[in-house]
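Hi everyone, thanks for coming. Let's take a few minutes to walk through one protein together, and please have a look at the sequence and the model as I put them up.

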Amino acid sequence: MQFSAVLFDFDGVLVDTEWAIYEAWHRTFLANGHPLPLETYTQCIGSDFDTWSPKIHLEELTGRSFDWHQLDEDRQVEIRRDLEQAGPMPGVVALLEKLNAQGIPLAVVSSSSHHWVDGWLEKLRLMPYFRHVVCRGDAPRIKPAPDLWLEAIKRLGLPANECLAIEDSLNGVKSAKAAGLNVWAVPNRTTACLDFSMADNVVPSLEGL
């Protein structure tokens, strides 16, 4: 199959950030007497807490209110600590180099903030590979709405059906399909429990593509 452009989700596709985020949330739940199964937590992956909120869920489980401002700050410290030595996901750099060599335009499309995504792309020296980075705030709605993908293909100047989206979350797959893109799902250890049957293809890793 040939595509005119490839659009990558960020978290869980280019960098394995999602596991550290999940682990931090799981520790919060365990500290308050409840587990947080992956099958439950994955409802918000690729989107935000408007889709499903671990904060509301924990308050419902415990019947308590929490100082989320402090807990959020503590959790961010844990996440950054756990990701201190993180690098690109397996196969990412080789794939980006191959696509760049073929002259295929690339973009990042993420529900996360520019501060988060751009910071990682710069840190890992991945930014030069991408013509566009589209994040939260660049379009009216984030995933699972199609808006971010539509903004990206608008910037690329290409029709959606000529573009490939690479995603690791069900919210991401749904949003890219709604935008009319071809979608390949690349599950990781956080999202491997999800049903990706609506994707056009499911691949175990970016290695070897």
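Let me start with helix α5, residues 92–101, whose buried residues are V92, L95, L96 and L99. Seen down the axis of α5, these buried residues fall within an arc of 100°, so they line one face of the helix. That arc is taken from the directions that run from the helix axis to the C-beta atoms. An α-helix has 3.6 residues a turn, so residues three or four places apart point the same way.

By buried I mean under 20% relative accessible area, by exposed over 50%, and by partly exposed anything in between, with a 1.4 Å probe and protein chains only. On the other side of α5, A94 and A101 are exposed. And what do the buried residues of α5 pack against? They pack against β1 (5–8) and β2 (106–109), where a contact means heavy atoms within 4.5 Å. After α5 comes G103, which has a positive phi, near 75°.

A quick word on where this comes from: it is a predicted model, so local features need pLDDT of at least 70 and side-chain atom pairs count only at pLDDT 80 or more, while totals for chains, interfaces and linings use all residues. Residues are numbered from 1 along each chain as its sequence is written, and side-chain values use heavy atoms, with hydrogens and water left out.

Now let's step back to the whole chain. How many helices and strands does the protein chain have? There are eight helices and six strands, and along the sequence they follow the pattern β-α-α-α-α-α-β-α-β-α-β-α-β-β. Helices here are DSSP runs of H or I with at least four residues, strands are runs of E with at least two, and both are numbered from the N terminus.

The C-alpha trace spans about 55 × 35 × 30 Å along its principal axes. For 209 residues, a compact globule would have a radius of gyration near 17 Å, and the protein chain agrees with its 17 Å. That radius is taken over C-alpha atoms, and the globule rule is 2.2 Å times the number of residues to the power 0.38. Of those 209 residues, 53% count as buried. Among contacts with a separation of 6 or more, 64% come from residues 24 or more positions apart.

P37 sits in the loop between α1 (17–31) and α2 (38–41), and P37 is partly exposed, with a relative accessible area of 36%. P37 is 11 residues from H26 in sequence and 8.1 Å from H26 in space, C-alpha to C-alpha.

Another proline, P144, is in the loop between β3 (132–134) and α7 (147–156). The peptide bond from K143 to P144 is cis, with omega near 15°.

Then there is R125, in the loop between α6 (114–123) and β3. R125 has a positive phi of about 60° although it is not a glycine. Is R125 buried or exposed? At 70% relative accessibility, R125 counts as exposed.

Last stop: H69, in helix α4, residues 68–82. H69 is exposed too, with a relative accessible area of 56%. From H69 to K154 there are 85 residues in sequence and 37 Å in space, C-alpha to C-alpha.
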